[in-house]
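Please keep the sequence and the structure in view while reading.

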Amino acid sequence: MTVDDDVRDILGIRTVGAWLLSLFFAAAVLAMAAGSTDGVRDARFTALAAVLVLFAGLGILVAPGDPIPARFAVPVAAAAPLSAGLALWQLPVPMAGSTQIWFLGAASAYLNFLCVRGASRWAWLGLIGQILTCALWTATTGQGVITGVGFSFINVTPLLMATFFARVIRPIAQEVLTLRRADTERAAAEAAACAAQQERDRRVARLDRIARPLLETIASGRPLSTAEQAECRLVEAELRDDILGGVMMDATVATAARSARERGVTVVLDDGGGLDEVPHALRQHVRIVVRDALDYAEGGTITARVLPPGRASLISILLRDNEELRIEVEANGEVRSDLDDRS
């Protein structure tokens, strides 16, 4: 489940099946429009009516959000009376057959789905507009108002059913979505807790591996040798790197930092959070740059600081010995240094 899932996904509106159904709908509309041209004055208006109906049906599928925003619902609903008006005034009086009012059934299909998408009010306004258009046509052509109302009023029944369906199903679908989101959030929380526990276990195991022998020696009361005292300082620095180095640290950086300290380099690693949300490949690239800088240092001090999020650079590395050298990795992964500026 994704963050933008809504009722459309519960009802299958965004599935391949829905698109296939819409293709069959389009084929049926075009076939009915093309097969009902007996006595039609200007078939171009009939074709335009068919295009309006097809675009309205497409709008049901592609309109974003739930419920469907009014800026999409209004033109979709308006297509019903507009397509009726375009087609009706081209028909002969009397009509050659009932199939010539194909646009009523076609509009009813997508108006029903407009209800399902949470715009029942606009669907009913579209149907009422369609009925009034039919009544106006029959009245002006001498067939009587009741005739137009009679052959268009039949679409009220399916729209009533669609309205009832939407009132019942949409709240249930919302509850299902809420439960899904809660399930997803719970799974994410459990995964985060598991990852945190694994990280704690890893750090405890590492602490046990590198610190236990020294702690046992200290607990024995025996004086530490010069080498053991130096090892204590290195272990203390490694533990500090684990805490302060954050995402910047991995096994290769830790090894390079220890080797640099053994050479007499003062190493300071500090994670300000700028690597937390970057891609893994870019994070690994930063670690390689830090490792190479640590391997390069022969003395003095090296400070590698991951900058806070939102900065132009991800990390700033400063080497101070006989001269000063600054290296920065920018957010796009480009590495810049004082050497580049000097050249």
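Two residues are said to be in contact when heavy atoms of theirs lie within 4.5 Å. By that criterion, and counting the contacts in the protein with a separation of 6 or more, residues 24 or more positions apart account for 65% of them. The model is a predicted one, and its secondary structure comes to 12 helices and 5 strands.

**Overall dimensions**

The C-alpha trace spans about 115 × 55 × 25 Å along its principal axes. The radius of gyration of the protein is 36 Å, whereas a compact globule of 343 residues would have one near 20 Å. Buried residues make up 40% of the 343 residues, and the accessible surface comes to about 18700 Å², of which 63% belongs to carbon and sulfur atoms. As for charge, the protein carries 33 positive and 39 negative charges, whose mean positions are 6 Å apart.

In soluble globular proteins, nonpolar side chains tend to be buried together. The largest nonpolar core here has 39 residues, and those touching the most other members are Leu 88, Trp 102, Phe 103, Tyr 110, Leu 111 and Leu 114. At least two residues of this core are supplied by each of helix 2 (16-34), helix 3 (43-62), helix 4 (70-88), helix 5 (102-116), helix 6 (120-140) and helix 8, with the largest share, 9 residues, coming from helix 5. Once residues up to four places away in sequence are set aside, Tyr 110 touches Val 53, Ala 56, Gly 57, Ile 60, Val 76, Ala 79 and Ala 80. Apart from this core lies another, of 29 residues, which includes Val 289, Ile 302, Val 306 and Val 329.

**Two individual residues**

Asp 242 lies in helix 9, which covers residues 226-244, and Ile 218 lies in helix 8, which covers residues 156-219. Their accessibilities are set out below.

| Residue | Relative accessible area | Class |
|---|---|---|
| Asp 242 | 13% | buried |
| Ile 218 | 47% | partly exposed |

Asp 242 is classed as buried because its relative accessible area of 13% falls under the 20% limit. Leaving aside neighbours within four places in sequence, Asp 242 is in contact with Arg 203 and Arg 206. Ile 218, not counting residues up to four places away in sequence, touches Leu 224 and Cys 232. The C-alpha atom of Ile 218 is separated by 37 Å from that of Val 289, a residue 71 residues apart from Ile 218 along the chain.

Key:
Residues are numbered from 1 along each chain as its sequence is written. This is a predicted model: local features need pLDDT of at least 70, side-chain atom pairs count only at pLDDT 80 or more; totals for chains, interfaces and linings use all residues. Side-chain values use heavy atoms; hydrogens and water are left out. Helices (H or I, at least four residues) and strands (E, at least two) are DSSP runs, numbered from the N terminus. Buried means under 20% relative accessible area, exposed over 50%, partly exposed in between (1.4 Å probe, protein chains only). The radius of gyration is taken over C-alpha atoms; the globule rule is 2.2 Å times the number of residues to the power 0.38. Accessible areas come from the Shrake-Rupley method with a 1.4 Å probe; for residues, only the protein chains shown count as cover. Lys and Arg count as positive and Asp and Glu as negative; His and the chain ends are not counted. The place of a charge is taken as NZ of Lys, CZ of Arg, CG of Asp or CD of Glu. A nonpolar core is a set of buried Ala, Val, Leu, Ile, Met, Phe, Trp, Tyr and Cys residues joined through side-chain atoms within 4.5 Å.
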